[in-house]
Amino acid sequence: MAKKSIADIDPSGKVVLMRVDFNVPQDDSDAITDDRRIRMALPSIESVISRGGRLVLMSHMGRPKGNGPEPKYSLSGVAKRLSELLAQPVTFATDTVGSDAEAKVKALTDGGVVVLENLRFNAGEKNGDSDFANTLAGWADIYCNDAFGTCHRTDASMVAVPIAMEGKPRVVGFLVAKEIQYLTDTISSPARPFVAILGGAKVSDKIKVIENLLGICDHVLIGGAMAYTFSLATGGKTGDSLVEKDKLELAKELIEKGGNKLVLPVDTHCGDDFSGSCNKQVVPAGAIPDGWEGLDIGPETAKLYANLLKSAKTVVWNGPMGVFEMPPFDEGTKTVAQAIADSDATSIIGGGDSAAAIEQLGFADQVSHVSTGGGASLSMLEGAKFAAVELLDDA
Ligand code: AMP
């Protein structure tokens, strides 16, 4: 699935239309609270401008209604922050496909950068409108997708624009290339043993991931609240734990299909209230008393999982083992994170909460890859193919 990269083309004097993910969090006064997504796009941005390309950056931010500008979702602050990070002027277009954008794109010189206003101010972005896509496509010589967090979507800037640019180079940026390398290439020919560890709140969110990984992994370890649905399905007592009663049949099927590949917790750390200061006890899995709820894997399970992770050569982790935001129910997640950090396996951390947990625990630089996209990384782990990536040029 290797795709042609921005490094493989010569952008000198050309207009490069790059879809990035500048969907950064902002506070009530619209100040950016975490500029990581902007910084992560810098390698691709710098690669274009340092070689004399004329760069047009497009992104969405938040969920505006799609019928015009909404100041709190404006990308103007992002353009300002990008200018600081690049230490060069960055032009901001106050519209996306209107006269300001057109004039500013036309006025670009070699090495210059324009950030277009939020794509989602136009309904055309979400509904894949061809006029909207054709306008953007018509300005550019080269298309680059470096917006991994949006790759599972079929928005106009992800699919209709590159389709409209058929015949011109259509490539991935460095961020997307790295995500594909780990989330598809490594997983499709893994060094073994290949161990996946899946947690989080609900089985229903991860059914397809479990199914796909059971087909390719040596072990799939289950933690988080989703373990209680499996426990209930096999006749265990789950007390007041979070369970999905409508998913019991499915849990049974997964247990049958998984055989001894599917590893479930052997003990549970529970509390008599959803709070860090509640009364606590560790009980065997499937023996959670009434009035108590499972809030983390127990210490025996943590040890078992850490041992299996120790001998792994490839690890995929998605979802915390318990309510990691609420100590001491972060212990299982911490033990697992430590085991992954200590192992010499190729380790891939899915986006969302497990990425947050590994960062929070300070292990992010001890793993091979922390995915930047929650939904997109889950979809890739499901084995889904993304139209936004498939249609780009092969390497
Ligand atoms: P997800 O988004 O599906 O990865 O789920 C992450 C959320 O699951 C986190 O906010 C955790 O607090 C929550 N979670 C994990 N284990 C439990 C549990 N045993 N009981 C309730 N919530 C849990």
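Biologist: Which residues lie nearest the centre of the second largest pocket, and how many residues line it?
Modeller: A pocket is an open set of points on a 1 Å grid over the protein atoms alone, with protein on both sides within 12 Å along at least five of seven lines; a cavity is a set where a 1.4 Å probe fits but cannot get out, and lining residues have an atom within 4 Å of a point. Here 28 residues line the second largest pocket, and Gly-200, Ala-201, Pro-320, Gly-322 and Asp-353 lie nearest its centre. Two or more lining residues come from each of β14 (293-297), α13 and α14 (374-381). Helices (H or I, at least four residues) and strands (E, at least two) are DSSP runs, numbered from the N terminus. With four residues, β14 gives the largest share of this lining.

Biologist: What should I keep in mind about the model itself?
Modeller: It is a predicted model, so local features need pLDDT of at least 70 and side-chain atom pairs count only at pLDDT 80 or more, while totals for chains, interfaces and linings use all residues. Residues are numbered from 1 along each chain as its sequence is written, and side-chain values use heavy atoms, with hydrogens and water left out.

Biologist: What volume does the second largest pocket have, and how does its lining divide by class?
Modeller: A volume is the space filled by probe spheres set on the grid points, which are joined across faces, edges and corners. For this pocket the value is about 430 Å³. By class, Ala, Val, Leu, Ile, Met, Phe, Trp, Tyr, Cys and Pro count as nonpolar, Asp, Glu, Lys and Arg as charged, and the others, Gly among them, as polar. The lining has 10 nonpolar, 11 polar and seven charged residues.

Biologist: Let's look at Gly-322. Where is it placed, and is it buried or exposed?
Modeller: Buried means under 20% relative accessible area, exposed over 50%, and partly exposed in between (1.4 Å probe, protein chains only). Gly-322 sits in the loop between β15 (314-318) and α12 (331-342), and it counts as buried because its relative accessibility is 12%. Contact means heavy atoms within 4.5 Å. Setting aside neighbours within four places in sequence, Gly-322 contacts Gly-224, Leu-295, Asp-296, Phe-329 and Thr-333.

Biologist: Now the largest pocket. What is its volume, and which residues lie nearest its centre?
Modeller: Its volume is about 560 Å³. It is lined by 25 residues, and those nearest the centre are Arg-36, Met-40, Glu-359, Ser-371 and Thr-372. The elements giving two or more residues to this lining are α1 (36-50), α7 (174-188), α13 (353-360) and β17 (369-370). The lining divides into 10 nonpolar, eight polar and seven charged residues.

Biologist: Which domains does that lining draw on?
Modeller: Domain bounds come from an automatic or database domain assignment. The protein is divided into domain 1 (6-175) and domain 2 (190-381). Their contact takes seven residues from domain 1 and nine from domain 2. The lining of the largest pocket draws at least three residues from each domain. Taken over C-alpha atoms, the domain centres are 37 Å apart.

Biologist: How many cavities of 30 Å³ or more does a search of the whole structure find?
Modeller: Two. Asp-21, Arg-37, Met-40, Asp-146, Ala-147, Phe-148, Gly-149, Leu-175 and Thr-372 line it. Two or more of its lining residues come from each of α9 (226-233), β11 (267-271) and β14.

Biologist: Finally, which residues touch the most other members of the largest nonpolar core?
Modeller: In soluble globular proteins, nonpolar side chains tend to be buried together. A nonpolar core is a set of buried Ala, Val, Leu, Ile, Met, Phe, Trp, Tyr and Cys residues joined through side-chain atoms within 4.5 Å. In the largest one, of 62 residues, Leu-116 and Ile-210 touch the most other members. This core draws at least three residues from each of domain 1 and domain 2. Beyond its neighbours within four places in sequence, Ile-210 contacts Leu-198, Val-203, Ile-222, Met-226, Phe-230, Leu-254 and Leu-262.
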